[in-house]
Amino acid sequence: MLAREGCCMVRVPLPEPFALHKLMESQLRVDRGGKSEKDLFQAAVLLAVLGERHPGAIEGALRWAPLSIHGRLKSAVQLLWQLLENDHPRAWDELNPE
């Protein structure tokens with residue numbers, strides 16, 4: 001979208017890294033009310049849509065994620081199994097490659 005004179009440009013994050021960011025945040029925001037659960041749910045929604053509409057996108061984002069966050073991502077992914085495994089198997093499989 002091109003900006004018109006007098007308009008502001010809005011930067012929208014790419015959904016793949018944003019979903020991983022939300023997963024990461026869910027692990028960092030412990031003891032902060034419901035914020036951690038909200039981050040986890042938002043990540044699950046994004047990942048479910050990506051898994052259905054853009055196969056391979058989640059795997060690609062995981063390949064580009066810094067190795068330093070992979071441990072926290074794995075912990076967060078285990079919390080998503082109830083939200084993704086049965087209803088969104090493609091997303092679950094991409095998050096858990098064997």
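Helix α2, which covers residues 35-53, has 19 residues and reaches 27 Å from its first C-alpha to its last, close to the 27 Å expected at 1.5 Å a residue, where the expected span is 1.5 Å times one less than the number of residues. This is a predicted model, in which local features need pLDDT of at least 70 and side-chain atom pairs count only at pLDDT 80 or more, whereas totals for chains, interfaces and linings use all residues. Residues are numbered from 1 along each chain as its sequence is written, and side-chain values use heavy atoms, with hydrogens and water left out.

The protein has 5 helices and 0 strands, and its elements run α-α-α-α-α from the N terminus on; helices (H or I, at least four residues) and strands (E, at least two) are DSSP runs, numbered from the N terminus. The C-alpha trace spans about 50 × 35 × 25 Å along its principal axes.

To return to α2, its buried residues (under 20% relative accessible area, with exposed meaning over 50% and partly exposed in between, for a 1.4 Å probe and protein chains only) are Ser36, Asp39, Leu40, Ala43, Ala44, Leu47, Ala48, Leu50 and Gly51. An α-helix has 3.6 residues a turn, so residues three or four places apart point the same way. The cover over the buried residues of α2 includes α1 (15-28), α3 (57-64), α4 and α5 (89-95).

Helix α1 has 14 residues and reaches 20 Å from its first C-alpha to its last, close to the 20 Å expected at 1.5 Å a residue. Its buried residues are Ala19, Leu20, Lys22, Leu23, Met24, Glu25, Ser26 and Gln27, and what covers them includes α2, α3 and α4.

Across the protein, buried residues make up 36% of the 98 residues. Among contacts (heavy atoms within 4.5 Å) between residues at least 6 apart in sequence, 64% join residues at least 24 apart. The protein exposes about 7100 Å², of which carbon and sulfur atoms supply 56%, with accessible areas taken from the Shrake-Rupley method with a 1.4 Å probe.

The largest pocket holds about 170 Å³ of space; on a 1 Å grid over the protein atoms alone, a pocket is an open set of points where a 1.4 Å probe fits, with protein on both sides within 12 Å along at least five of seven lines, and lining residues have an atom within 4 Å of a point. The lining consists of Leu62, His70, Leu73, Lys74, Val77, Leu95, Asn96 and Pro97, and helix α4 (residues 70-84) gives the most to it, with 4 residues.

Conventions
Grid points are joined across faces, edges and corners, and a volume is the space filled by probe spheres set on the points.
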